[in-house]
Amino acid sequence: MNAEISEPQAIASLKLIFSALRKISDDLILCFDEEKFSIRSLNSTRSALPVIKFKQDFFKTYKYFSVQEKIVAQIPVAAIIMAFKNASNPTLLSFQIPDSDSYQFIVSLVDKYTITHTWEFPLSEAHFLNAIFDLNETCVEVKCRFDVFNGLSEAFKNINTIYMDINSNSKKGAIYFKSSSSDDSNGSLSSTLKIQKSERCEVQISEDVTQMQIAFSLPDFIVGVKIAKLLSQFFTIHIIGPGQPLILRANSTNLIQFEMPLATVSEADDDEDNQTEQAANEESTDINQNDNYDFSNNYNSRYNNANKDNDNDGQFTSNSAEMSQVSAWQINPPPNSSQGSSTTVISVKENSSSVQFDSAASSLTDRKPSRISQTLANGLYAESPPFPTKRRMAGPNTIAQASQPPSEDEDSV
């Protein structure tokens with residue numbers, strides 16, 4: 001196979017087509033036969049299949065000399081775009097496959113400085129993909145000029161799925177693009193773009209259709225509009241019905257044919273998805289509420305049961321302070337403790353864990369050292385081990401010497 005293009009405008013259009021198809025998929029499927037050369041691409045979700053067919057008259061020369069009926073191969077779109085970027089304003093483009101068994105795709109570009117850039121790309125095997133639909137079943141046909149949808153991507157930013165409403169009773173046969181379904185009652189904000197029937201947009205609705213709503217991918221639709229804009233001023237949108245593909249079509253003087261089936265979502269599928277999502281949300285809410293209810297009930301029941309059992313055993317009472325008390329104790333204050341500015345009386349009943357405190361507020365700075373504290377200090381000093389060296393205690397108000405062993409300098413002094 002050998003083909004050649006000598007018109008700079010046609011070469012520029014082909015470059016833009018490759019750039020637009022890159023947003024659909026990273027790979028291109030090339031198909032060659034005796035009559036035409038076609039390019040197609042399929043996205044990862046299999047919801048869009050743009051097909052561009054170039055007839056023999058589009059090329060300066062087109063020769064197909066393979067024994068096979070057609071050659072179908074796959075090539076990364078980034079490789080072809082790279083070849084176009086390195087050639088400045090190309091005036092001649094040629095690509096060829098030397099042998100159908102070699103799977104080599106050779107692209108040659110001649111720039112404005114008459115410098116030839118040649119690239120050889122390996123081809124991989126691919127399957128011939130085609131969408132099945134019948135245009136005779138079209139219910140709504142919209143013929144628009146390409147500038148009607150200018151600003152569509154700006155009006156619906158960060159939106160993947162868009163809804164198209166068609167109503168035969170609306171004035172002037174207008175069509176509506178919405179960011180959410182008309183039946184959606186969750187209170188969210190919705191944007192609407194209205195396109196009225198005019199010289200730039202003609203809408204033909206079948207008699208048996210009164211109202212219709214379809215949902216499809218907005219990014220894929222915008223890519224189809226960009227490709228159609230490169231080929232013709234007007235393009236056609238064929239709508240068969242919800243759940244059936246939406247077809248974008250455009251022609252360029254019968255030399256290039258563009259066709260893009262775009263998957264739509266039926267109302268039944270949309271309702272089923274909404275019901276599934278709503279049921280999942282309700283189930284999640286029920287689970288959270290049940291978890292909180294069981295937790296509180298279990299905690300309260302276990303707490304009450306523990307108190308009940310402990311009351312029966314006679315070990316604990318309902319007072320939280322008394323529950324933390326392990327055993328009762330009795331402290332006899334020293335005889336001279338009343339000299340201080342505060343007194344504390346602790347009374348303990350026999351065979352009971354109930355403790356009563358009666359304290360009077362006072363300042364701790366006014367307290368004087370008691371005999372019992374001095375006795376305890378002297379006892380700790382007497383029982384301290386020989387190392388580290390014992391502290392020298394001159395009196396209760398004197399700072400003790402450091403307990404580190406003396407250094408050699410201190411011994412010599």
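**A tour from the cavity to strand β8**

Select α1 (8-21), β3 (36-40), α2 (77-85), β7 and β8: each supplies at least two residues of the lining of the largest cavity. Helices (H or I, at least four residues) and strands (E, at least two) are DSSP runs, numbered from the N terminus. This is a predicted model: local features need pLDDT of at least 70, side-chain atom pairs need 80 or more, and totals for chains, interfaces and linings use all residues. Residues are numbered from 1 along each chain as its sequence is written, and side-chain values use heavy atoms, without hydrogens or water.

Next, show L14, F18, L30, F37, I39, I80, F84, L93, F95, F105 and V107, which line the largest cavity. A cavity is a set of points on a 1 Å grid over the protein atoms alone where a 1.4 Å probe fits but cannot get out; lining residues have an atom within 4 Å of a point. The space inside is about 80 Å³, counted as filled by probe spheres set on the points.

Now select β8, residues 104-110. Six of its seven residues are buried, meaning under 20% relative accessible area with a 1.4 Å probe, protein chains only.

Move to β7, residues 92-96. Five bridges join β7 to β8, and the two run antiparallel; strands pair if DSSP finds at least two bridges between them. Pick F95: V107 in β8 stands opposite.

On to β9, residues 116-122. Seven bridges join β9 to β8, again antiparallel. Click S108 and find T118, its bridge partner in β9.

Last stop: T114. In the hairpin of β8 and β9, with five residues between the strands, T114 takes a positive phi near 60°.

Terms used
Buried means under 20% relative accessible area, exposed over 50%, partly exposed in between (1.4 Å probe, protein chains only). On a 1 Å grid over the protein atoms alone, a cavity is a set of points where a 1.4 Å probe fits but cannot get out, and a pocket is an open set with protein on both sides within 12 Å along at least five of seven lines; lining residues have an atom within 4 Å of a point.
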